[in-house]
Amino acid sequence: METESNLTAFENHDFQIKPDFREYFNSLPVHVRALILESGAEITSLGELMQIAEHLKKDG
């Protein structure tokens with residue numbers, strides 16, 4: 001599921017430049033990071049990122 005292009009696409013997201021967003025995103029399992037990037041979701045806060053990540057972790 002993970003591709004290098006998906007994970008490097010993270011560099012193009014606005015939330016990548018914020019250290020707390022970046023730290024949390026990088027702590028997530030690779031498949032969750034890939035799903036977030038593939039979703040194209042517009043994430044504007046750390047709370048949103050955490051909610052999305054927790055939902056994706058539960059779904060497997």
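Trainee: Leaving aside its neighbours within four places in sequence, which residues is leucine 46 in contact with?

Mentor: Leucine 46 is in contact with Asp20, Phe21 and Tyr24, where contact means heavy atoms within 4.5 Å. This is a predicted model, in which local features need pLDDT of at least 70 and side-chain atom pairs count only at pLDDT 80 or more, while totals for chains, interfaces and linings use all residues. Residues are numbered from 1 along each chain as its sequence is written, and side-chain values rest on heavy atoms, with hydrogens and water left out.

Trainee: Why is leucine 46 called partly exposed?

Mentor: Buried means under 20% relative accessible area and exposed over 50%, with partly exposed in between (1.4 Å probe, protein chains only). Leucine 46 has 24% relative accessibility, so it counts as partly exposed. Its place is in helix H4, and its C-alpha atom is separated by 9.3 Å from that of lysine 18, 28 residues apart along the chain.

Trainee: Why does glycine 47 count as partly exposed?

Mentor: Glycine 47, also placed in helix H4, has 38% relative accessibility and therefore counts as partly exposed.

Trainee: Why are H2 and H4 called roughly parallel to each other?

Mentor: Two packed helices are described by the angle between their axes and the distance between the axes. H2 and H4 pack at an angle of about 10 degrees, with their axes 10 Å apart; the axes are lines fitted to C-alpha atoms, for helices over the stretch in contact, and angles run from 0 to 180 degrees between N-to-C directions. Angles under 35 degrees count as roughly parallel, over 145 as roughly antiparallel, 65 to 115 as roughly perpendicular and the rest as oblique, and H2 and H4 are therefore roughly parallel.

Trainee: Which residues in H2 and H4 meet?

Mentor: From H2 come Asp20, Phe21, Tyr24 and Phe25, which meet Leu46, Leu49, Met50, Ala53, Glu54 and Lys57 in H4.

Trainee: What makes up the largest nonpolar core?

Mentor: A nonpolar core is a set of buried Ala, Val, Leu, Ile, Met, Phe, Trp, Tyr and Cys residues joined through side-chain atoms within 4.5 Å. The largest one has 11 residues, among them Phe21, Leu28, Ile43, Leu49 and Leu56. Helix H2 (19-27), helix H3 (30-39) and helix H4 (46-59) each give two or more residues to this core. In H3, Val32, Arg33, Ala34, Ile36 and Leu37 are buried.

Trainee: How many helices and strands does the protein have?

Mentor: The secondary structure comes to 4 helices and 0 strands, where helices (H or I, at least four residues) and strands (E, at least two) are DSSP runs, numbered from the N terminus.
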